[in-house]
Structure formats: C-alpha cells, structure tokens
Amino acid sequence: MTVKELIQRARFSLKDNNRALYSDWQMLVALNEVLDEVYIELSTFSNNVLIKTETVCLLAGQGELPDDCLRVVNVYQGDRVFEPVTKNEIPREREYYSEGNSLYCSAPWVTVDYKPIAPEYTVDDMEEELDTPPYLNTLLKKSLVNVVQGKDLLSLGDELRKVLAGRHLSQVGIRGEIWSNRI
Amino acid sequence: MKLKEAISQFRILLNDTSKEHDEYHATMRINQGVALTCALLAGYASPLVMKEEVFHEGDALPHNFLRTAGEYPIERTGVTIHILTGADEIPIRYFYTYPILDYKKLDEELPFPHDALNDFVIRTAAKLALNRNEADISQDQVILGELQQAMTQAMG
C-alpha cells in the first residue's frame, strides 16, 4: 500500500475525501508520528516484523551500524551466531557489543539483523510503498485518524501485539526440549 | 440566475415597487449576501468555496482569502506568507469569498451553481436592507435561521 492510499483510507474515515479539513502535509506529519511509534513499539518485543539485514565491515574491532538502526537483533557470520556481551567486556571470538551507532567485535565483517527507525515521508513521497506489512494497514489507518484528531496512541502497543500474536517465531518447551515453530 | 433577476427578487422581498433600492444599493446588499454565504459555506468546509493555488515565499494572500483547508507549514504575518520548510513554493488549498458583482453588469450570473444558495443570498441581502431601514426583521431572522439550518443539513 502506498502512502497516498493509506492517507486516502484515513480521509474516508474522517469524512474528508475533499481534502477540505486536513491538508496532505498535516496527514503526513501524523503518519510519520504513527510510524515512529509503531517502529519503536515493534523494537520492544520479540517479533520478526520490519527486520532489516546489512553487512557491517569492521576495522580494528569497530564498525558503524546502519544510520537507520534502532536496535540490533542478531549478529552472525553465515550460520555462526555471535553472542552479545556488555560493553565492559572485551568481546572474544563470536561475541559482540554495540554502543551508540558502533558495533564492536573481533571479526572483520558480520551480518547484522536490526530493527530500523521509521522512515520519514514528505509530500514528495506520496507514491512510495510503505515498508510495513499489509496486515498492519488497518491499525495504521486507525492510529492515523486518532493522531489527526488530536487523540493519543496509548493502546498502540496492545493493538500491535494483538495483530502480531502467533505471527512471529514462538518457542514452546515440550518434555525438556525446545521446539521452534514459525506460524 | 442573472444579477438583474436577483435584484428583481430582492425588490419583491422588500415590497420595493418604486425601486427605492437602485441597482447600486441592491448589488451592494447582494454582494454582502454572497460574502456571508461564502463564509457560512467555508464554515462547513464546503468544496464550493475552496480552491488550490501555488504560493511562493513572501507572496501576499489573495484579498478574498478566508482560511486554509487544514494546516500548512506556513507562517502568516499580516497578509504575507513565509514557508516554514524552506521550499520556494507550496500548493495550498484554501477557502475564499467569491468576487463581488458589478452593478453595471446586470447580465452577470450570481456565483453559486444552484439557485437554493442564490436564493439564500437574496434573502440575506433583503434582511440586511430591512435592518438598515430599521424595520422589524425578527421574522426574517427566523426564516433565515431555518434556511441556514436546512442548508447545513443538506450540505453537511
């Protein structure tokens, strides 16, 4: 769904198909606010939505994380997963820590899965496709309507968890074993 | 509806058989009625009185500007616009009042596309004229109020 289509859906709910009550600029400011909240909320709990992957090259044990990195989820080289350590420890082989926008580990390069910050759309981006999956469209529309009307988004986290329940990797312990099941 | 027909109806409403209200005065009242009706429609956010135009940094607002349709990243000082995003130009949708009618152009059409609104304009003009003559306009006020309410329900 494009930015324009989502805004049009919200306008329909707001009875503003004529663009007489809310300007496009006003809708975009509200949409950016909603996306900001959604991306931050998504980074606070386990889910596989909006995860981006980049290769980070390191020099003398230090590399720069991507500019849009909000939270590191996973660091690995092929099938070798690195373990996170606190920044007070010097990372040994297959260990890493991140501080600010830097990543520290002993490997020359690593692949990083991370949760990004929300993109910021302007009036020139109306035809851009949203990065969010289609099953979040209704939630985004409802939240957009609320923000434009000056309401807050207190229940956004609960709503997100409801939509995403059962969609991400769940781990269920059965008879002492861990079973992974992607639904 | 042409201006001359509107003036004729205006006089009928005032029982003005002797043309006490000449073309100039009648048109002036009708113009006031048009301005008030535009303001009323803008209050309902009606697209009838809305247009879109590209404004540049430092441009002056049009003289018939009422308000923008929603919020825009602009700062208004007097009638001058400053664009807050740093862009050179910005398209703005806004509400405005229709241009005034010229009493010398009696064949000019009244601005509204349907006559219910033009009728409202003429009744408003007549009410204003009666008020000026210190007549009792309370009943006219009631009728206008009912018309306004009907218009609100019809036009949302």
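Buried means under 20% relative accessible area, exposed means over 50%, and partly exposed lies in between, using a 1.4 Å probe on protein chains only. This briefing covers a predicted model, in which local features need pLDDT of at least 70, side-chain atom pairs count only at pLDDT 80 or more, and totals for chains, interfaces and linings use all residues. Residues are numbered from 1 along each chain as its sequence is written, chains are lettered from A and ligands numbered from 1 in the order written, and side-chain values use heavy atoms, leaving out hydrogens and water.

**Chain A overall**

- Chain A has four helices and 10 strands. Helices (H or I, at least four residues) and strands (E, at least two) are DSSP runs, numbered from the N terminus.
- Starting at the N terminus, the order of elements in chain A is α-α-β-β-β-β-β-β-β-β-α-α-β-β.
- Along the principal axes, the C-alpha atoms of chain A fill a box of roughly 60 × 45 × 25 Å.
- Chain A holds 183 residues, and 43% of them are buried.
- Contact means heavy atoms within 4.5 Å. Of the contacts in chain A between residues at least 6 apart in sequence, 68% link residues at least 24 apart.

**Helix α4 of chain A**

- Helix α4 spans residues 156-164 of chain A, and its buried residues are A:L156, A:G157, A:L160 and A:L164. Viewed down the axis of α4(A), these buried residues fall within an arc of 100°, so they line one face of the helix. The arc is taken over the directions from the helix axis to the C-beta atoms.
- Exposed residues A:D158 and A:K162 sit on the face of α4(A) turned away from its buried side.
- The cover over the buried residues of α4(A) includes α2 (24-42) and α3 (137-148) of chain A.

**A:S102 in chain A**

- A:S102 belongs to strand β7 (residues 102-105) of chain A. With a relative accessible area of 9%, A:S102 is buried.
- The side chain of A:S102 makes polar contacts with two side chains: that of A:Q62 at 3.2 Å and that of A:E64 at 3.3 Å. A polar contact is a pair of N or O atoms within 3.5 Å; within protein, one must be able to donate a hydrogen and the other to accept it, and residues adjacent in sequence count only if both atoms are side-chain atoms.
- Setting aside neighbours within four places in sequence, the contacts of A:S102 include A:G63, A:L65 and A:Y97.

**Where chain B meets chain A**

- Chain B gives 12 residues to the contact and chain A gives eight residues.
- The two chains bury about 800 Å² between them, 58% of it on carbon and sulfur atoms. Buried area is the accessible area (1.4 Å probe) that two parts lose on being put together, summed over both.
- The interface of chain B and chain A has one salt bridge, a side-chain nitrogen of Lys or Arg within 4 Å of a carboxyl oxygen of Asp or Glu. A:R19 and B:E52 form a salt bridge through their side chains (3.7 Å, N to O).
- On the side of chain B that touches chain A, β1 (50-56) and β5 (89-96) of chain B each supply at least two residues.

**B:T68 in chain B**

- B:T68 lies in strand β2 (residues 65-68) of chain B, and at 18% relative accessibility B:T68 counts as buried.
- A polar atom of the B:T68 side chain is 2.7 Å from the backbone oxygen of B:G70.
- Beyond four places in sequence, B:T68 touches B:I74, B:I92, B:R93, B:Y94 and B:F95.
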